[in-house]
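Dear colleague,

Please find the structure below, handed over for your files. My findings follow directly after it.

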Amino acid sequence: MPTIGRMRRDWILAVVVVAASLAAGTAYVVASREPEPEAYRYVAALQAPTPLAGGLVLPEVPVRTLDPYEGYGTWVDVFDFSPPYAGASPSVSPADVVTMADAGVRTIYLQAARDDDRSPEGLEDPWLLAEFLLAADDAGIEVVAWYLPKFSGDGTDEQRVDQMAAFQVLGRRFAGVGIDIEWTNDNDDETRTARLIDLSTTIDTAHPDLPFSAIVLPPVLIEVVNTAFWPGFPWAEIAPHYDVWQPMSYWSFRSQSSGYGDGYAYNEESVRRLRANIDDQDALVHPIGGIGGIDGIDDPEDPPEPLATLEEIDRFADSVRDTGSIGASMYDWATLDDAAKARLAELFADG
């Protein structure tokens, strides 16, 4: 006998396949399977149903806006939730969405695709992505997909973005797509820069109604700390193609002696430099703080990455307000302890 989860997945597949066949003008035979009560509940909760062949219904797909980038968000990468990367016991699952919502999270930034042998189809497990989207809808929060391009120049990056833009289940889809611009392997600076400009132009042209965010290296990193990291970064050239800027202000990697090992200084200067680089003092910015957050009690003895403290998180929140940023988030959910989650919920309760 199939499990309840398997029954719901099969029923969702039937809906998606029938919808896709109608759109493509083709016909598929899908085995009939009664949906479980939970699936009925999801359908009943969604508005503006549209009738399809065979009595199936799909809700009207909502218009995408920039609203999901406002307020408090959190991040989940493939090493947290996707079995090929996270193993049999991932640290984050769709069941955690309720906890995120209860902690004040308005948007989940989910790594939905990857250019990697462990992701041969491009998108991560579509069942898991569907479950995240449905759980988020049920909890009243949004999901923005993100992707790390490797600038291979063979069309892979564009294909991955197309896949994320098109993915939907029961009328629910990703609210936006973030492009994680930090890969510096495999190409020289000039080639990589040219391919970034081409990618940005292509995806913007292909998806004019899809909100794109640029998840960028903080200017302090590439202009002060390590000027050899990505010289000649094309701020002005890519600026017209992104709606929101998300600098990765991970101050926990910076030393205290540098003056940047601080939740306020590293982010505030990076936001100022970013806006100057794109010549737009009103640019919409949603900084990403981190890494993680700890309270100094029963902390991991040897974490793989240096983690931020509660005091530093307080300083980060001050920088978000002082820079007039539209929202903020911490990278990532899996590395926040309970005290850090509670502090962030308090700091961004009005956001």
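Ten salt bridges, 10 by count, are present in this predicted model, a salt bridge being a side-chain nitrogen of Lys or Arg within 4 Å of a carboxyl oxygen of Asp or Glu. One of them pairs Arg172 with Asp137, whose closest N and O atoms are 2.6 Å apart. Because Arg172 belongs to strand 7 and Asp137 to helix 6, this pair ties together parts that are 35 residues apart in sequence. Helices (H or I, at least four residues) and strands (E, at least two) are DSSP runs, numbered from the N terminus.

Some conventions apply throughout. Residues are numbered from 1 along each chain as its sequence is written, and side-chain values use heavy atoms, with hydrogens and water left out. As the model is predicted, local features need pLDDT of at least 70 and side-chain atom pairs count only at pLDDT 80 or more, while totals for chains, interfaces and linings use all residues.

The second largest pocket also involves helix 6, which gives the most to its lining, with three residues. Its volume is about 370 Å³. A pocket is an open set of points on a 1 Å grid over the protein atoms alone, where a 1.4 Å probe fits, with protein on both sides within 12 Å along at least five of seven lines; lining residues have an atom within 4 Å of a point. Grid points are joined across faces, edges and corners, and a volume is the space filled by probe spheres set on the points. Of the 19 lining residues, Pro62, Pro68, Ile141, Glu142 and Ala175 are the closest to the centre. Two or more residues each come from helix 6 (126–139), strand 5 (142–147) and strand 7 (172–173). The lining divides into eight nonpolar, three polar and eight charged residues, where Ala, Val, Leu, Ile, Met, Phe, Trp, Tyr, Cys and Pro count as nonpolar, Asp, Glu, Lys and Arg as charged, and the others, Gly among them, as polar.

The largest pocket holds about 620 Å³ of space. Its lining comprises 29 residues, with Asp180, Glu182, Met248, Tyr250 and Tyr331 nearest the centre; 17 are nonpolar, four polar and eight charged.

Turning to the fold, eight strands close into a barrel with parallel pairing, in the order 3-4-5-8-9-10-11-12; two strands pair if DSSP finds at least two bridges between them. Neighbouring strands of this sheet are turned by 25° against each other on average, direction ignored. Axes are lines fitted to C-alpha atoms, for helices over the stretch in contact (heavy atoms within 4.5 Å), and angles run from 0 to 180 degrees between N-to-C directions. Strand 10 (residues 244–249) joins strand 11 (residues 288–290) in the parallel sense over two bridges, and Met248 stands opposite Ile288 there. Helix 11 (residues 265–277) packs on the sheet against strand 9 (212–216) and strand 10, its direction making about 145° with that of strand 10.

Lastly, some backbone points. Most residues other than glycine have a negative phi, and most peptide bonds are trans. A cis peptide bond joins Gly290 and Ile291, with omega about 15°; another links Tyr331 and Asp332, with omega about -5°. Phe151 has a positive phi, near 55°, and sits in the loop between strand 5 and helix 7 (156–166).

With kind regards
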